[in-house]
Every structure is written in C-alpha cells, then in structure tokens.
Amino acid sequence: MTAQIELKNVEKYYGAYHALKNIDLSIAKGQFVALVGPSGCGKSTLLRSLAGLETITSGAIHIAGERVNDLPPRKRDVAMVFQSYALYPHMNVMDNLTYSMRLKRKPRAEIEAAAKEVAETIGLSHLLDRFPRELSGGQRQRVAMGRAIIRNPKAFLFDEPLSNLDASLRVHMRKEVRALHNRLGATSVYVTHDQIEAMTMADHVVVMRDGIIEQQGAPLDLYAHPANQFVAGFIGSPAMNFVDARISESGEAARLNLPGEPLIPLNGSYPPGRSVIVGLRPEHLSVVGPDAGLALKVSMVESVGSASYISCSATPELSFVVEGTTRLRSGDSVHLAIDPDHVHVFDAKTRLAIGVVN
Amino acid sequence: MSRLLSSLRDGKGFDIVLVAVPLAFLLVFSGLPLIYNVVMSFQAVDMFSLGTFNRPWVGFKNYVDVFSLPATWPIMRNTVIFVVCSIAGQFVIGFALALFFARGFPGSSYIRGLFLASWVMPGLVVGAMWNWILAGDFGVLNYALRSLGIISENIFWASNPAWSLWAVIVANIWLGISFNMILLSVGLAAIPRDLYEAAALDGANGLQKFWTITLPMMRSTIGAVISLGLIFTLQQFDLFASITSGGPANSSNVAQYWAWEMSFRQYDFAKGATISVVMIAVVMIASVIYVRSTRHEVRG
Ligand SMILES: Nc1ncnc2c1ncn2[C@@H]1O[C@H](COP(=O)(O)OP(=O)(O)OP(=O)(O)O)[C@@H](O)[C@H]1O
Ligand SMILES: [Mg+2]
C-alpha cells in the first residue's frame with residue numbers, strides 16, 4: 001500500500017533558524033497521526049508545510065503519490081482546521097461551509113445538498129443563518145470542521161483544534177473528531193501539545209523536539225518502549241521518574257544514586273559499571289511492607305478520588321500512584337517495590353534507551 | 001452647595017460637564033456660524049446690511065437666483081467631475097499602494113512612511129509645486145510628455161479650458177493618495193492573516209481572495225475613506241486658488257471656490273451663503289452614509 005502522505009528528508013529554515021531537521025514521515029491512507037511535542041518544536045511548521053502555507057527548504061512532500069513541493073495550497077487538496085478556527089467573519093455558517101464549493105461555481109442545488117448533509121453530520125443544522133460572532137467556541141469549532149469535511153479532501157490537517165475549548169468539551173470533541181475520522185475514512189494529521197490527546201486519538205504518534213522527530217510509533221509502543229529519555233518523560237501521565245544510577249558488577253541490577261545506594265534488580269543484562277539513568281513510571285511503583293524495597297519519606301499527597309499521586313522527598317523527587325484514596329500523609333515513611341519488567345534504562349550521556357527492557 | 005460639588009465630582013454632574021464642554025465649543029464655533037450661514041441664504045444681504053442680523057427675508061429667492069445663473073450648471077458639473085474623479089483616483093491608487101505595501105517586503109514600512117510627506121504639506125505649497133510641474137513653457141510634465149513623443153507642442157494645462165479642471169484634479173489626487181493609503185493600510189492590517197490561509201486552502205486564487213475576503217472585510221474602512229474623501233474634496237480650496245483660480249472663464253470653477261468668489265470677490269454674501277448651504281446638504285448626506293456604513297461593522 002502506498003502512503004497517502006510521505007515526507008522525505010524535509011528541511012525547513014526560517015532565515016538562519018533550523019525549524020525542521022531531516023523529517024521522514026509516512027502516513028497511510030485512513031491513518032490518524034498525531035504530532036506532539038513541546039511548544040516551539042516545529043509541529044505547526046510541519047503541518048503548514050504539508051498544507052503549502054510554508055515552503056520547505058529541501059526534501060520532498062508527496063500527497064496521494066503526487067509531489068506537491070511546488071504546488072500552492074489551493075492545488076494540494078488538503079483541508080486544515082486552525083486553532084483560531086479562521087472562520088470568515090462576514091459570512092454566515094452556511095456561506096462559511098460552502099465557500100470552497102462556491103469558489104468552484106458548483107450548481108446551487110449541489111451546494112445546498114452538501115451543506116445540509118455536512119450541517120447534519122456536525123450537528124449545526126439549526127445554526128446555518130448565524131454569523132461566527134454569534135456562535136460559542138464549540139460551535140465555531142464545529143463550523144471549522146464542517147468547512148473541512150465538505151471538501152472531501154485527500155487529508156485533514158488539524159492544528160491544536162481543541163485547545164481553546166474547556167476541559168470537558170475538549171474530552172467530548174476528542175471522541176467526536178476521532179469518530180468522524182473513522183466514519184469518513186479520512187487521513188488525518190493532528191497537531192497537539194497534549195500527549196493524552198495524542199495517545200487517545202491517534203493510530204500513530206510522532207514525538208518531536210527542536211525540529212527533529214524523536215520517535216514515532218503506535219501510542220502504546222511509545223509508552224512501553226520509549227527510545228530516549230525525552231520521549232519517556234513526555235509520554236505518560238504523571239511523568240516518569242528519573243534516577244541517576246550505575247549498573248552493578250553483575251550487570252543485572254542498578255545501584256540508585258539515592259541515600260543508602262539501594263540496589264534494584266533489572267530484567268536482563270547490561271554493561272557492568274555503566275553510568276545510566278533509570279526511568280520508573282509512577283504507576284509501576286507499589287507500596288510494600290517495611291524491610292523491603294526503597295525506603296522513602298512522603299512529601300506531598302494529591303488525591304483526585306479515583307487515584308492518589310504521592311511525591312516522596314528524594315533528589316530528584318520520586319512520585320508514585322495508588323488507586324483510590326490513601327492513608328499516607330506528608331511526613332510518613334513508605335517502602336516502594338519496583339517491578340523489574342518496567343524499569344527503563346537510559347545511557348547517562350546519550351540519553352538513549354539501552355537494551356530495551358522487556 | 002456640597003451636594004452640587006459632590007455631584008460634580010462623581011455623580012451625573014460630572015458626565016454633564018464632560019459632554020457640555022465640547023458641545024458648547026461645537027455650538028459656538030461650528031453651530032452658530034452654520035446657522036448664521038443658513039439664515040443668510042434666506043435674506044437679502046448687501047454691504048450695508050452686513051453688520052446687522054435683522055435683514056429683509058426673501059424666502060427662496062437666493063436659491064432661485066443662484067440656480068438661474070448661467071454659470072451654475074457648468075460649475076455644478078465641474079464640481080461633480082472634480083469630486084468623483086478625485087475620489088476615484090485617490091482611492092484606486094491609494095488602495096493599490098496599500099495592497100502593495102501590505103505585502104511587507106524589506107523596507108516597506110519606511111517607504112510607506114515617506115508617502116506621508118504629501119499629507120503634511122499645506123495645500124498652497126502643493127499648489128505652487130504643481131504649478132511648476134504643470135507650467136506651460138518650463139513645466140516638467142510637458143518636458144516629459146514631449147520627450148516620450150506623446151505630445152508635439154507644449155500644453156498650457158492651467159490656462160487651457162480643456163485641461164484646467166484636470167490640472168487641479170491631478171494635483172488633488174496626488175494630495176489625497178497618502179491619506180487613502182494610510183487609512184486603507186490600517187484596514188488591511190486588521191484582517192487576520194489566517195483568513196487568507198483558510199481561503200487559500202479552500203481553493204481561492206489571489207483575485208478571489210481579494211473579492212471574497214479583502215473587500216467585504218474592508219467595507220467599513222472603504223466607506224469611511226470615501227465619505228471623508230468626499231468631505232475633503234468638497235473642502236479643497238487651496239489648489240484652485242494657487243493653480244487656476246477657477247479659470248479660465250469658470251472652466252475649472254467648482255462650488256466651494258465659487259462660493260468664496262461670490263462672497264469675498266463679488267460681495268454677494270447671500271449667494272455665497274446659498275451655494276455653501278447646498279454643499280452642506282450634500283456633505284450631510286455623505287455623513288449619514290458614512291455613519292450607516294460603520295454601523296454594519298462585521299468583525300468578530
Ligand atoms: N515565520 C517564522 N519566522 C521565523 N521563525 C519562525 C516562524 N514561524 C515559526 N518560527 C519558529 O519555528 C519554531 C517552530 O515553530 P512552530 O510554530 O512550528 O512551533 P509549534 O511546535 O507549533 O509550537 P506551539 O505548540 O507553541 O504551537 C519556533 O521556534 C518558532 O519561533
Ligand atoms: Mg503551533
């Protein structure tokens with residue numbers, strides 16, 4: 001199967017600033033791909049390069065097999081949903097939805113039928129006469145999506161479309177966008193800085209930092225096998241704990257750089273004596289009785305009812321999660337056991353995962 | 001007394017004072033002269049009754065007299081041509097320049113700033129400058145046209161009845177371009193970039209973006225620019241005074257200059273007032289159109 005969208009060695013400079021570095025990305029037809037990364041890492045730049053709103057400095061972009069490097073946006077047949085929605089303020093919802101069809105001078109009846117169908121799909125049939133300024137944020141968001149859907153494009157590009165919505169609406173729209181994607185059999189590229197959004201919506205997650213792709217793969221693959229410390233810390237919530245350590249003589253345990261230099265078992269064999277960083281997800285630490293595990297002091301307890309997030313004073317701070325509520329209070333001592341199956345080991349210098357644990 | 005003071009400080013009294021000061025100013029310096037002018041247009045005024053307010057009423061006689069003068073209709077026609085062509089020229093060139101500078105090439109904002117030079121110059125200075133440019137025997141315009149082979153002998157722009165009005169129109173367009181351009185630039189800058197990006201993705205080419213995004217989004221700005229242009233153009237006096245003096249034989253005379261001539265050259269104050277009242281009516285209509293166009297603001 002050929003890719004619907006394919007980027008090869010894409011580079012982008014803004015003057016001297018290197019915004020995209022050697023981007024290789026292949027997106028299959030029907031795939032939902034999320035681009036995540038911290039602010040300023042080049043997500044929007046990559047998306048806008050796909051849309052043709054930015055010209056890339058070198059490399060190649062193919063959409064549905066056609067090289068589009070030199071095509072203007074209007075010839076690329078992709079639709080974009082902007083964070084600001086970018087609705088046309090002087091047109092009502094109907095005219096906003098049908099703008100692209102009216103530009104193409106489609107017959108009136110066809111335009112009206114399409115508008116009706118799309119308005120129903122996005123649940124806006126009763127608002128067709130309203131102007132954007134008369135709509136709520138969520139409704140504007142829907143119009144922006146409708147404007148994309150009506151074009152039946154080769155790909156949908158979303159640039160943080162939900163970030164202006166309140167939390168509960170955002171969770172709701174997440175599902176709706178994904179359902180819409182499935183129903184339309186569309187190919188979508190979705191930019192977000194929220195890793196939960198990326199993990200829950202996408203088939204394929206691309207983690208970016210400083211203009212490079214740090215890692216890409218299925219959401220749970222990234223969670224289980226982060227390729228480096230950055231991805232490990234970025235994916236997963238609450239974030240992974242990192243502790244400096246040294247591999248033991250045997251190569252099958254790590255001596256943590258914590259008071260008392262506790263030794264934790266590793267699953268598999270590592271180069272003895274190597275300086276490493278050990279990554280421990282809060283959900284993979286469990287409380288055990290005294291005389292076992294790591295002895296730590298609780299410094300803070302945050303409970304949300306279904307789970308409690310507990311921080312322990314150590315340098316750096318270690319946190320773990322327990323289900324439901326907890327009796328632990330700040331100042332209590334606690335003993336934590338570590339599941340060797342879920343210990344991540346990164347090289348202290350390169351920060352790359354070594355001998356991925358499994 | 002203290003109640004009055006406290007009401008002045010933070011009650012309704014303060015609001016009233018705030019409104020009253022400018023209102024009083026407007027009344028004294030704009031309202032009264034305006035009313036005086038309107039009253040005068042219904043009276044018989046001569047040099048002897050100029051100093052009194054109590055003059056014989058003549059009803060619409062002045063209006064009838066003005067509109068039966070042989071010079072009236074050619075001058076009205078000139079006024080319409082002057083206004084329409086000046087505004088059209090100023091607007092089209094100003095808009096084109098605004099769009100050009102909105103592309104934001106290196107140095108664009110500095111060069112745009114230079115255009116303000118024409119705006120800060122007094123009309124009389126601009127008139128003198130254009131007098132030289134348009135001069136029949138040594139003017140640079142004739143020189144340029146002759147060098148290009150467009151004309152074979154000098155045209156006396158300001159004293160040739162076929163060209164005199166156009167000489168003033170060209171100068172007035174030059175004078176008004178910067179005003180139009182600056183206002184339209186502000187309007188253009190207020191249109192969000194992402195609308196153009198959305199339109200580009202929706203399949204619009206440059207011309208379609210201009211018709212479907214730029215023009216509708218600029219509606220109120222364009223209304224303001226054109227209405228203000230109408231008012232400024234109807235006020236334009238200096239250029240006539242310095243380039244053609246309305247001549248030759250009224251061929252470049254327009255209502256505002258004529259009103260002045262009537263009052264202060266021929267001392268027929270009643271007719272001068274009458275002409276200006278007619279102009280006030282036109283300006284008021286323009287103002288209403290302007291206010292209505294800004295009321296339909298569509299930004300959001
Ligand atoms: N037009 C531009 N000129 C110069 N630099 C730019 C331009 N646009 C973006 N950049 C730079 O490129 C980098 C990537 O920007 P981009 O907008 O792609 O970030 P992002 O990942 O979308 O961030 P965010 O999550 O904040 O939206 C940033 O450092 C930004 O400063
Ligand atoms: Mg962005």
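Helices (H or I, at least four residues) and strands (E, at least two) are DSSP runs, numbered from the N terminus.

## Ground rules

This is a predicted model: local features need pLDDT of at least 70, side-chain atom pairs count only at pLDDT 80 or more, and totals for chains, interfaces and linings use all residues. Residues are numbered from 1 along each chain as its sequence is written, chains are lettered from A and ligands numbered from 1 in the order in which they are written, and side-chain values use heavy atoms, with hydrogens and water left out.

## Two backbone details in chain A

Pro238(A) sits in the loop between helix 8 (229-234) and strand 11 (241-247) of chain A. The peptide bond leading from Ser237(A) into Pro238(A) is cis, with omega near 0°. Asn9(A) belongs to strand 1 (residues 3-14) of chain A. Its phi is near 45°, a positive value in a residue other than glycine. Most residues other than glycine have a negative phi, and most peptide bonds are trans.

## The six-stranded sheet

Chain A has an open sheet of six strands in the order 6-7-8-3-9-10, with mixed pairing. Two strands pair if DSSP finds at least two bridges between them. Strand 6 (78-81) and strand 10 (212-217) of chain A are at the edges with a single partner strand each, so one side of each has no neighbour in the sheet. Neighbouring strands are turned by 20° against each other on average, direction ignored. Axes are lines fitted to C-alpha atoms, for helices over the stretch in contact, and angles run from 0 to 180 degrees between N-to-C directions.

Strand 9 (residues 204-209) and strand 10 of chain A pair in the antiparallel sense over five bridges. Here Val207(A) stands opposite Gln215(A) of strand 10.

## The five-stranded sheet

Another open sheet in chain A has five strands in the order 15-19-16-17-18, with antiparallel pairing. Its edge strands are strand 15 (285-288) and strand 18 (318-323), each pairing on one side only. Neighbouring strands are turned by 50° against each other on average, direction ignored. Strand 15 and strand 19 (residues 333-338) of chain A are joined by four bridges. Ser286(A) faces Ala337(A) of strand 19.

Thr326(A) lies in the loop between strand 18 and strand 19 of chain A. A polar atom of the Thr326(A) side chain is 3.0 Å from the backbone nitrogen of Leu328(A). Leaving out residues up to four places away in sequence, Thr326(A) touches Val301(A), Ser308(A) and Ile310(A).

## Where chain B meets chain A

In this interface, 18 residues of chain B contact 22 residues of chain A. The buried area (accessible area, 1.4 Å probe, that two parts lose on being put together, summed over both) is about 1,900 Å², and carbon and sulfur atoms give 62% of that.

The interface has two salt bridges (a side-chain nitrogen of Lys or Arg within 4 Å of a carboxyl oxygen of Asp or Glu). Asp202(B) forms a salt bridge with Arg151(A), with the closest N and O atoms 3.6 Å apart. On the side of chain B that touches chain A, helix 10 (193-201) and helix 11 (206-217) of chain B are the elements that give two or more residues. Helix 10 gives the most, with seven residues.

Technical notes. Contact = heavy atoms within 4.5 Å. Polar contact = N/O pair within 3.5 Å; in protein donor to acceptor, adjacent residues only side chain to side chain.
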